[in-house]
Structures are given as C-alpha cells and as structure tokens.
Amino acid sequence: MKKLLVIGLFIILILNSAGCSSSKIINLTAEEVINAFQDWSIPIDEIEIYTTETDPNNLLGRPGQYIGKVNWSDSRIEQYGDGLKGGTIEIFDSEKELKNRKEYLEPLIEQPLFAQYMYVHNNVILRLDNELTPEQAEEYKNILESL
C-alpha cells in the first residue's frame, strides 16, 4: 500500500511539474527590458509605457493577449508622423499567448509596408523598425538575449 502511495505521489509530481514548465516562462517586465537597452547605451529618446486605457490595439491585459507593452524612439531613426520610430516590446504571461501573438505578427511583418525585425526571448516579443540597420537590430537582440 505504501509503495502504491509513493508511486502515485511521484506520478502527480511529474505531471504537475511538466504542466508548469510548458505554460509558464521566465518573467521579464517591459520596463526591465527597456532599462537594459538604456543601460547598454542604446540611443533611446522617448518612451511610451502603455496602460489598458492607452494601448492603441486595445489588447493589453485582455484574455490571451500581452500583459505589458512599451514603444520607444531610437535617435538613429528620423522621427516623423504619428508614433515612435524605434521599437516595441510586448510581454506575455504564458508561452501559448506569446506563440499565438508571434504567429499572428509573422505574416504582417513580412509585408513590405509593415516590415520589422522581430525577436522572441523568454516572455518577450521585441519588434524593431526596419529603418535600423541589421547591425543595430542585432545589438538590441543581443542585449535582450542576455537578460
């Protein structure tokens, strides 16, 4: 009887730990990521941290969507028109939500009008303006992956 109880508890432990590892990921905040870019002397000018009221997509905090979002301007890009030209950070609560958003964005950013660099690390999707050079985009990517 004791042996069956131990085996049962062992199976429950394995199933619970497997379930947790597939749905939760390392949690970074948008502020931590943007601060890391600034700490590494990326030329960031203006930063806009979105709330549920200011998110232009009305997705922040909604079920299955990102839980944090920041846009910023990179001074190496000429700023014109509406919006900040530089990048966007979106933060997710689970791998599933991140994967769904990534799959939604991929066909969009392949269009010439919406072309962007996109990198995924932990619970973060980083999208960068296509006016950055590949070397400049790689700089952002390397900093993100160091977190």
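At what angle do helix H2 and helix H4 pack, and how far apart are their axes?

## Packing of H2 and H4

In this predicted model, helix H2 (residues 30-39) packs against helix H4 (residues 134-146) at an angle of about 125°, and their axes are 10 Å apart. H2 is therefore oblique to H4; angles under 35 degrees count as roughly parallel, over 145 as roughly antiparallel, 65 to 115 as roughly perpendicular and the rest as oblique. The crossing of the two helices is right-handed.

H2 contributes Val33, Ala36 and Phe37 to the contact, and H4 contributes Tyr140, Ile143 and Leu144 (contact means heavy atoms within 4.5 Å). The residues of this contact are six nonpolar, no polar and no charged.

## Basis of the model

The model is predicted: local features need pLDDT of at least 70, side-chain atom pairs count only at pLDDT 80 or more, and totals for chains, interfaces and linings use all residues. Residues are numbered from 1 along each chain as its sequence is written, and side-chain values use heavy atoms, with hydrogens and water left out.

## Aromatic pairs

The structure holds four aromatic pairs. Rings of Phe, Tyr and Trp (its six-membered ring) pair if their centres lie within 6.5 Å; planes under 30 degrees apart count as stacked, over 60 as edge-to-face and the rest as tilted. One of the pairs is Tyr66 with Phe92: the ring centres are 6.2 Å apart and the planes stand at 90°, so the pair is edge-to-face. Tyr66 sits in the loop between strand S1 (44-49) and strand S2 (68-74), and Phe92 in the loop between strand S3 (86-91) and helix H3 (95-109), so that 26 residues separate these distant parts of the chain. Both Tyr66 and Phe92 are buried (under 20% relative accessible area, with exposed over 50% and partly exposed in between, using a 1.4 Å probe and protein chains only).

Trp72 and Tyr140 form a tilted pair, 5.8 Å centre to centre with 40° between the planes. This pair joins strand S2, which holds Trp72, to helix H4, which holds Tyr140, across 68 residues. Trp72 and Tyr140 are both buried. Ring pairs link Phe37, Trp72 and Tyr140 into a cluster, and Phe37 and Tyr140 also take part in the contact of H2 with H4.

## Surroundings of Glu90

Glu90 lies in strand S3 and counts as buried because its relative accessibility is 0%. Its C-alpha atom is 5.7 Å from that of Gly68, a residue 22 places away along the chain.

Leaving aside residues up to four places away in sequence, Glu90 touches Tyr66, Gly68, Lys69, Arg101, Leu105, Asn123, Val124, Ile125 and Arg127.

Conventions:
Axes are lines fitted to C-alpha atoms, for helices over the stretch in contact, and angles run from 0 to 180 degrees between N-to-C directions. Helices (H or I, at least four residues) and strands (E, at least two) are DSSP runs, numbered from the N terminus. A crossing is left-handed if the near helix is turned anticlockwise from the far one by less than a right angle, and right-handed if clockwise. Ala, Val, Leu, Ile, Met, Phe, Trp, Tyr, Cys and Pro count as nonpolar, Asp, Glu, Lys and Arg as charged, and the others, Gly among them, as polar.
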